[in-house]
Amino acid sequence: MACLHDHNCEDHDCSSNWSLYKHIDLSKVSALNEATPGSVKSVFKAWEQRLNTSGDHLESNEGDPELLVFIPFTSDVKIKSISIVGGADGTSPVKMKAFINRDGIDFSDAQSMQAIQEWDLAENTQGVLEYQTRYSKFQSVANITLHFPDNFGGDTTKIHYIGFKGEATQLKRDVVATIVYELMPNPSDHKTRAEGGGGLSHVE
């Protein structure tokens, strides 16, 4: 299911406020079969810049349209939709498969494993389509791997933008253990309102 932007985006949660761009751990983003090493990082940009194609882009090797993109996040996220802006002249990806919370997936894994969701893509060169997720399955996402197995007939696959909409927890993954510890307080270190005569048993 795709969201077509023929409505007021502010009323439909399509604004940049819902973009997960700032929660992507860009330094750890990677891709398999990219023609220019590291070029995958260029496709992640602010929502307002999604149609800016003047810079670098992700492109597969000549004669091999398949791409596999690994995107980790700095905190767990809930993904509502995914937007892909591909290239022109048949170079846009025609299909997308998503795998979540799986590290080290290669092309063989992507072809044999069951994806959490698959989409048939349109040639979205104007950035007007967003592909809705099965939201209940995209909770607590630490990382997502996107597999683009083919395109619309071009010699290479080109992607100018990948964007995610949704919500992020405000907790960094590396401090979760500390927070869990603090959720189990030592009674001697905490005084409840009930003990203080406030009538509520609430740990402060």
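The model is predicted: local features need pLDDT of at least 70, side-chain atom pairs count only at pLDDT 80 or more, and totals for chains, interfaces and linings use all residues. Residues are numbered from 1 along each chain as its sequence is written, and side-chain values use heavy atoms, with hydrogens and water left out.

The protein chain holds 2 helices and 9 strands. Helices (H or I, at least four residues) and strands (E, at least two) are DSSP runs, numbered from the N terminus. Along the sequence the pattern reads β-β-β-β-β-α-β-β-β-β-α. Of the 204 residues in the protein chain, 43% count as buried. Contact means heavy atoms within 4.5 Å. Of the contacts in the protein chain with a separation of 6 or more, 78% are between residues 24 or more positions apart.

Strand 6 runs antiparallel to strand 5 (residues 95-100), and 4 bridges join the two. Two strands count as paired if DSSP finds at least two bridges between them. Met96 stands opposite Trp119 of strand 6. Trp119 has a relative accessible area of 3%, so this residue is buried.

Trp119 also takes part in an aromatic pair. The structure holds 2 such pairs. Rings of Phe, Tyr and Trp (its six-membered ring) pair if their centres lie within 6.5 Å; planes under 30 degrees apart count as stacked, over 60 as edge-to-face and the rest as tilted. A pair of aromatic rings is described by the distance of the centres and the angle of the planes. Phe73 lies in strand 4 (residues 67-86) and Phe164 in strand 9 (residues 158-172), so the pair ties together parts 91 residues apart in sequence. Both Phe73 and Phe164 are buried. In the pair of Trp119 and Phe138, the ring centres are 6.4 Å apart and the planes are at 55°, so the pair is tilted. Phe138 sits in the loop between strand 7 (129-132) and strand 8 (141-148), and Trp119 in strand 6, so the parts tied together are 19 residues apart in sequence. Phe138 is buried, with a relative accessible area of 0%.

The loop between strand 5 and helix 1 (107-112) contains Ile105. Ile105 counts as buried because its relative accessibility is 10%. Leaving aside neighbours within four places in sequence, Ile105 is in contact with Leu32, Leu68, Phe99, Ala110, Met113 and Thr145. The C-alpha atoms of Ile105 and Leu32 are separated by 9.7 Å, and the two residues are 73 residues apart along the chain. Leu32 lies in strand 2. Leu32 is partly exposed, with a relative accessible area of 34%. Beyond neighbours within four places in sequence, the contacts of Leu32 are Glu66, Leu67, Leu68, Ile105, Asp106 and Phe107. Leu32 and Asp106 are 74 residues apart in sequence, with 7.7 Å from C-alpha to C-alpha.

Two asparagines have positive phi values: Asn33 near 75° and Asn101 near 55°. Most residues other than glycine have a negative phi. Asn33 lies in the loop between strand 2 (30-32) and strand 3 (58-59). Asn33 counts as buried, at 15% relative accessibility. Asn101 is in the loop between strand 5 and helix 1. Asn101 is partly exposed, with a relative accessible area of 37%.

The charged end of Arg50 sits over the ring of Trp47, 4.1 Å from its centre. The rule requires NZ of Lys or CZ of Arg within 6 Å of the ring centre and within 35 degrees of the ring normal.

Key: Buried < 20%, exposed > 50% of the residue type's maximum accessible area, 1.4 Å probe, protein only.
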